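Please look over the sequence and the model below before reading on.

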Amino acid sequence: MKVTLKEHTHVVYQKTTHEIKVDIDGVEYIIRNSEDDNGVEYFVWSENLNDGNWINPYDIENIELKNIIEKLANAAYDDYIFSESNVGKEVDMEELNDY
């Protein structure tokens, strides 16, 4: 069989999801920032939310919690703020105002 390359390899679709785990007032949350060629989506999981199922942060009824989680989700890809060397340290929420 003769095989002829008709087009070089290239990325046609790509998706990256960044995940952080945080403690907010004693409750653990897993927050994801998922970006693909169509845009960005945020997801959050906690035993205390949505019967323990993943939820879009925009659907959180507690406005203060919703705002905090949205800020964290928006910056979840930041390798400096959420670096391994910062595990166990308090997140400076003022730093996230630039996102």
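This is a predicted model: local features need pLDDT of at least 70, side-chain atom pairs count only at pLDDT 80 or more; totals for chains, interfaces and linings use all residues.

Residues are numbered from 1 along each chain as its sequence is written, and side-chain values use heavy atoms, with hydrogens and water left out.

The largest nonpolar core has 20 residues. Such a core is a set of buried Ala, Val, Leu, Ile, Met, Phe, Trp, Tyr and Cys residues joined through side-chain atoms within 4.5 Å; buried means under 20% relative accessible area, exposed over 50%, and partly exposed in between (1.4 Å probe, protein chains only). Tyr-29, Ile-31, Val-44, Ile-69 and Leu-72 touch the most other members. Two or more residues each come from β1 (15–24), β2 (27–36), β3 and α1, with α1 giving the largest share, 5 residues. Helices (H or I, at least four residues) and strands (E, at least two) are DSSP runs, numbered from the N terminus.

There is 1 aromatic pair, counted when ring centres of Phe, Tyr or Trp (its six-membered ring) lie within 6.5 Å; planes under 30 degrees apart are stacked, over 60 edge-to-face, and the rest tilted. The rings of Tyr-42 and Tyr-58 have centres 6.3 Å apart and planes at 40°, so the pair is tilted. Tyr-42 lies in strand β3 (residues 39–45) and Tyr-58 in the loop between β3 and α1, so the pair ties together parts 16 residues apart in sequence.

Glu-70 belongs to helix α1 (residues 63–75). Beyond its neighbours within four places in sequence, Glu-70 contacts Pro-57 and Tyr-58 (heavy atoms within 4.5 Å).
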